[in-house]
Amino acid sequence: MPNSEPLSSGVNFRALFESAPAPYLVLKPDLTIVAVSNAYLKATMTTRKEILGRGIFDVFPDNPNDPTADGVSNLRASLERVLASHVPDTMPVQKYDIRRPESEGGGFEERFWSPVNSPVFDVDGQLVYLLHRVEDVTEFVQLQKHDGEHQKETEDLRNRTAEMEMEMFLRAKELNVANQKLRTANDHLAQTMQELEAFSYSVSHDLRAPLRHIQSFAEMLHKDVTTTFGDKGKRYLTIILDSSKRMTALIEDLLEFSRMGRAEMQQAEIDMNEVVQDAVRNATADVHGRKITWQIAPLPHVRADRAMLSQVWSNLLSNAVKYSQHQEDAKIEVGCEQKENEMIFHVKDNGAGFSMDYAHKLFGVFQRLHRQEDFEGTGIGLANVRRIITRHGGRTWAEGEVDVGATFYFTLPCDEAA
């Protein structure tokens with residue numbers, strides 16, 4: 001949720017979450033706030049800017065003027081139960097006063113809440129977030145305290161409270177069932193992905209030996225019989241050699257794609273400026289007689305796997321060099337900006353570009369938007385980019401226009417920044 005990206009359909013899940021009518025808070029396992037709905041901000045008289053990235057109990061302490069206040073201890077105990085058991089925890093009604101902003105006079109305002117805390121798992125079944133949902137029942141509790149004065153209102157309150165408790169019980173039960181189904185689906189997905197990885201690696205590895213034989217014997221045949229073969233025979237041998245070389249490149253890229261999914265990440269502080277300069281040298285090593293104008297802005301230090309990030313920059317910059325080869329004055333731009341909880345890196349060129357109608361295909365395996373005759377490639381480079389960035393908790397997307405150029409983006413969470 002905190003790192004959701006817009007899909008090609010235009011759905012923005014962050015916007016949907018934030019506009020949800022119920023008060024929700026998303027926490028990391030260390031109880032840091034990473035997302036919040038507008039309803040929660042309204043109920044607690046806070047703003048997104050002042051609470052995101054902070055611990056929940058730093059933002060919402062106990063009322064220091066109430067010696068019996070136990071909101072912090074009770075909520076902490078519930079969250080720890082969820083972390084330990086991986087099942088939702090429904091709390092009884094809690095008195096947990098809210099600090100008023102200075103513009104509202106400051107101090108604390110008496111509040112009563114009915115909270116439910118639930119775990120959120122990733123595709124590997126690991127608990128990655130806690131979902132804290134509350135209902136403000138202050139009005140109901142205060143009416144109960146004045147039962148003698150508000151008998152009719154209290155009766156209505158009891159009915160509404162019973163309905164709400166039943167609704168919460170049913171929702172908690174549904175959430176338990178949904179979480180179990182999700183865990184089962186995640187287990188099946190993980191097993192399927194492992195089988196596909198093993199299959200692709202095995203097929204690619206086993207194809208290399210016979211392909212090398214085909215290529216070697218074709219090269220020997222080409223050398224030995226060029227004097228006796230006619231032009232047609234020479235052309236056939238050339239096609240065999242070219243096809244075998246392309247097949248070799250496809251297999252090597254497929255093996256690299258498989259390795260990127262299985263390799264253990266070795267995260268450390270790295271200087272993005274050094275990584276980009278190395279990638280520029282590699283991308284232009286075989287470029288002769290071309291004019292390329294590079295505009296590279298200062299880049300931050302980040303905490304990431306250097307080898308994997310080197311592969312990302314190498315793929316993106318090599319593509320920029322390749323797809324701008326028909327421009328007399330090629331321009332390639334590299335930059336970065338910080339927005340909310342992520343660093344956004346981009347590579348922009350003024351090359352062949354692409355139609356946005358096909359943007360959803362760019363990061364798929366073997367997906368190409370240009371003919372092999374126009375631009376060489378295997379169609380795996382961008383798939384590798386997405387796989388690596390996803391493993392780092394980031395997003396990838398691209399924008400382009402035919403014959404105008406393209407811009408490729410990837411993000412890293414700000415907690416990856418060094």
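Contact here means heavy atoms within 4.5 Å. The model is predicted.

**Exercise 1. Helices H10 and H11**

Task: Find which residues of H10 meet which residues of H11, and describe how the two helices cross.

Solution: 
1. Locate the helices: H10 covers residues 306-323 and H11 covers residues 381-391.
2. List the contact residues. On the H10 side they are Met-308, Gln-311, Val-312, Asn-315, Leu-316 and Asn-319. On the H11 side they are Gly-381, Leu-382, Asn-384, Val-385, Ile-388, Ile-389 and Arg-391.
3. Sort these residues by class: seven are nonpolar, five polar and one charged.
4. Turn to the geometry. Two packed helices are described by the angle between their axes and the distance between the axes.
5. The axes of H10 and H11 come within 9 Å and cross at roughly 145 degrees.
6. The crossing of H10 and H11 is left-handed.

**Exercise 2. Helices H9 and H10**

Task: Describe how the axes of H9 and H10 cross, then state which residues make the contact.

Solution: 
1. H9 spans residues 272-283, and its axis comes within 8 Å of the axis of H10, with a crossing at roughly 45 degrees.
2. Because of that angle, H9 is oblique to H10.
3. The handedness of this crossing is right-handed.
4. H9 contributes Met-272, Glu-274, Val-275, Val-276, Asp-278, Ala-279, Val-280 and Ala-283 to the contact. H10 contributes Arg-306, Leu-309, Ser-310, Trp-313, Ser-314, Leu-317, Ser-318 and Val-321.
5. By class, the contact of H9 with H10 has ten nonpolar, three polar and three charged residues.

**Exercise 3. The cavity**

Task: How many cavities of 30 Å³ or more does a search of the whole structure find, and which residues line the largest cavity?

Solution: 
1. The search finds one cavity of 30 Å³ or more.
2. The volume of the largest cavity is about 160 Å³.
3. Its lining consists of Tyr-40, Thr-44, Ile-56, Phe-60, Leu-75, Gln-94, Tyr-96, Ile-98, Trp-113, Pro-115, His-132 and Val-134.
4. Helix H2 (38-44), strand E7 (112-121) and strand E8 (127-136) are the elements that give two or more residues to this lining.
5. The lining residues divide into nine nonpolar, three polar and no charged.

Key
Residues numbered from 1 in each chain as written. Predicted model: local features only at pLDDT ≥ 70, side-chain atom pairs only at ≥ 80, totals over all residues. Heavy atoms only, no water. Axes fitted to C-alpha atoms, helices over the stretch in contact; angles between N-to-C directions. Helix = DSSP H or I, 4+ residues; strand = E, 2+ residues; numbered from the N terminus. Left-handed = near helix turned anticlockwise from the far one by under 90°. Nonpolar A, V, L, I, M, F, W, Y, C, P; charged D, E, K, R; others polar. 1 Å grid on protein atoms, 1.4 Å probe; cavity = no way out; pocket = protein on both sides within 12 Å on 5 of 7 lines; lining within 4 Å. Points joined across faces, edges and corners; volume = space filled by probe spheres on them. Parallel < 35°, antiparallel > 145°, perpendicular 65-115°, else oblique.
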